[in-house]
Amino acid sequence: MEKQGRLLSSKLHQGRRQVEVVLNRCALAWKEIEKSKRRSSGTGSVSETALSHAVQVGEIVAVCKTKDDDPDSTETRRSRKTAKQLSKLYPHSFTVSYVRRTSQHQWRCSDVTFHCANQGLCEQWVQLINEQLSLLSNRPKSLLVYINPYGGTQSGKRIYEQKVAPLFRRACISTDVIVTERANHARDHLKTEANLDKYDGVVCVGGDGMFSEVLHGLVTRTQTNNGVDLNQPDTELVPCSLRIGIIPAGSTDCICFATVGTNDPVTSALHIIVGDSQPMDVCSVHHNDVFLRFSVSLLGYGFYGDVLTDSERKRWLGPARYDLSGVKTFLSHNYYEGTISFLPAENNTATPRDKLQCRSGCCVCLHQPSSKDGEQWEMSEEKEKSDKDGSGGWSAIRGKFIAINAASMSCACPRSPKGLSPSAHLADGTTDLILVRKCSRLDFFRHLLRHTNKDDQFDHSFVEVHRVRKFRFQPRHRELLSLEDLSESPKKTGFSPICSARTTCNYSTAHSSWTCDGELLPHTAIQVSVQCQLIRLFARGIEEQQQQEQCVFEDPCTLWALEPSTH
Ligand SMILES: CCCCCCCCCCCCC/C=C/[C@@H](O)[C@H](CO)NC(=O)CCCCCCCCCCCCCCC
Ligand SMILES: Nc1ncnc2c1ncn2[C@@H]1O[C@H](COP(=O)(O)OP(=O)(O)OP(=O)(O)O)[C@@H](O)[C@H]1O
Ligand SMILES: [Ca+2]
């Protein structure tokens, strides 16, 4: 039967239309066959119509024999009458569920039902498609799912049950679901209790905070299992073998948005089902050689640290808390003094201002060896010899900053569709260090505004950006305060400073806090080091428009160019 790559080809019925359906190892394609009376004067020759479709085998969700009263079948819903008539004529049919791309990077699951003349043919189609699906070894079969019922607008449970679970069932993925009962429930369960051998991946339903819990649980567990001490800042960490899926149900969901291109639960579920894999950098953060936390998106001191501090008191407001705290922090207009030292990313052709965005199959990330390949970024011997100033390649900047941001990925989110650092890469082993020096309120406003439009937010005299592999921060005042201490120190009230070196419109307060992917750190003096590709997500990076089109119609013509064989 296999002719030039074809596994099966048949004339079947799709609704009222007769279609030729072809399967090869890459794709399933079907096109309408029309009896062209005009051209063939009644002889019934076959002519082509524009209605041809192709679906990559890798994007087929499932195939099954259609049940007569399948309520899920789109086609059954659409025209029950036609379906009834057809099922009399062709009682055997099968339904293929597949990924369909819509606008704005969103994916949907579509169904197409083919009616066959006999049962044998119907079963042959189902079996053959299932055989091809079983060859896709990257697809997860068993998942551990954590749902935060209180994230974002508190709709995580509903989103999972209504939009995600039915898709996982259709794709025959088995799941163990845990609805969390407290903060850090998922992290602690992953760290010690969960039997991870049972699963092909871990899914979190919630926001960036919930993702962070899963990240900490999985990475810590992997290091414990491999005897790696997290408190050694220069230790090479062991990459996690399980992939992480994110079903967005939080307030910012920037990790989902920056890796998929949209915050849509159905799209994320489909990326999990098809078994996508996107490596991702993880920063480890230490204070005096003691491990504090991991970060994958934003480590922010000054402006974003202050927004977070204020917004934590307004959790009850839901996602709107960030906007309110944002405006309040903007009006406070504080700046902070300190020294930032960093190790620039050398031999890196890509730069934070090159306008080259990290997209699906990004070649900058593809050429990075993952963290398991060793400390490749440590200085080479030659470089060390030429390191005349003895700095080890490190640079240091001392100054007054409104914000110090380290973006390990673009941090694109609905608030800022291009993100804090539009050209940052997901898996290149670097983070973009953005320094916003003391400036006027108006200038800072201009800078912020550029996060929402096409203008370059780095094109200001008071902003600089460096692509780095490591950095350290030391606040000007020797750090004596931890978060506990802070609660005893004089509080900021309204828009007034705690201690002031007052200028016409600026205040210098002693210190800010670091926000680390939305969690506050208890120390201000930190050391940060990027671990290249430490984890993998069930995602593929943001697809370019072109990539999307190619995927849908990947050369269906080659399928039709083959000599037809009919059943
Ligand atoms: C004029 C409009 C300017 C709008 C500028 C918007 C820039 C927004 C950049 C967002 C970057 C998000 C990075 C993601 C960080 C996540 O790891 C973390 C955890 O979810 N989320 C946040 O920290 C949540 C951070 C949320 C920060 C919201 C900041 C809002 C600032 C509003 C300033 C308004 C000034 C208006 C003056 C009248
Ligand atoms: N059952 C629970 N009760 C209380 N807090 C929880 C529970 N489960 C998880 N959490 C915590 O809730 C915090 C916020 O959750 P999540 O990230 O899902 O939503 P969010 O903060 O609204 O979104 P984002 O992080 O995208 O801004 C997380 O830090 C997580 O540790
Ligand atoms: Ca990066």
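Trainee: Which residues come nearest to ligand 2, and how many residues are around it?

Mentor: This is a predicted model, and in it 22 residues are around ligand 2, with Gly-151, Gly-206, Gly-207, Gly-209 and Gly-250 coming nearest. To be counted as near, a residue must have its C-beta atom, placed from the backbone, within 6 Å of the ligand.

Trainee: What makes up the shell around ligand 2, in terms of nonpolar, polar and charged residues?

Mentor: The shell around ligand 2 divides into four nonpolar, 13 polar and five charged residues. In this classification Gly counts among the polar residues, so the glycines that come nearest to ligand 2 belong to the polar group. As for elements, H7 gives the most to this shell, with four residues.

Trainee: What domains does the assignment give, and how far apart are the C-alpha centres of domain 2 and domain 3?

Mentor: The assignment gives domain 1 (6–137 + 548–561), domain 2 (141–276) and domain 3 (282–366 + 391–484 + 495–532). The C-alpha centres of domain 2 and domain 3 lie 25 Å apart, and the contact between these two domains takes 21 residues from domain 2 and 25 residues from domain 3. On the domain 2 side, helix H7 (208–225) and helix H8 (254–260) each supply at least two residues, while the largest share, six residues, comes from H7. That side of domain 2 divides into nine nonpolar, 10 polar and two charged residues.

Trainee: Which residues does the UniProt annotation "domain: DAGKc" cover?

Mentor: According to the UniProt record, an unreviewed entry, the annotation "domain: DAGKc" covers residues 138–289. In the model, this span is 38% helix and 22% strand, and its end C-alpha atoms lie 38 Å apart.

Trainee: Why is Gly-338 called buried?

Mentor: A residue is called buried if 20 or more other C-beta atoms lie within 10 Å of its own. Gly-338 has 22 other C-beta atoms within 10 Å, and so Gly-338 is buried. This residue lies in strand S15 (residues 334–344), and, not counting residues up to four places away in sequence, Gly-338 touches Phe-473, Gln-474, Pro-475 and Arg-476.

Trainee: How do you know that H10 is largely enclosed by the rest of the structure?

Mentor: Seven of the 10 residues of H10 are buried, and therefore H10 is largely enclosed by the rest of the structure. Those buried residues are Phe-303, Tyr-304, Gly-305, Asp-306, Val-307, Leu-308 and Ser-311, and they pack against several elements, among them strand S14 (298–302), H11 and strand S16 (395–407).

Trainee: What makes helix H9 (residues 265–273) largely enclosed as well?

Mentor: Eight of the nine residues of H9 are buried, so this helix too is largely enclosed by the rest of the structure. The buried residues of H9 include Pro-265, Leu-270, His-271 and Ile-273. H9 is followed by Gly-275, whose phi is positive, near 75 degrees.

Trainee: Which residues touch the most other members of the largest nonpolar core?

Mentor: Of the 134 residues in that core, Cys-204, Val-205, Val-214 and Ile-244 touch the most other members, and strand S22 (residues 526–537) gives the most to the core, with seven residues. Leaving aside neighbours within four places in sequence, Cys-204 is in contact with residues including Tyr-146, Ala-186, Val-214 and Ile-244.

Methods: Residues numbered from 1 in each chain as written. Chains lettered and ligands numbered in written order. Predicted model: local features only at pLDDT ≥ 70, side-chain atom pairs only at ≥ 80, totals over all residues. Domains from an automatic or database assignment. Contact = placed C-beta atoms within 7 Å. UniProt positions renumbered as here; feature names shortened; annotations may be inferred. Buried ≥ 20, exposed ≤ 12 C-beta atoms within 10 Å, placed from the backbone. Core = buried A, V, L, I, M, F, W, Y, C linked by C-beta atoms within 7 Å.
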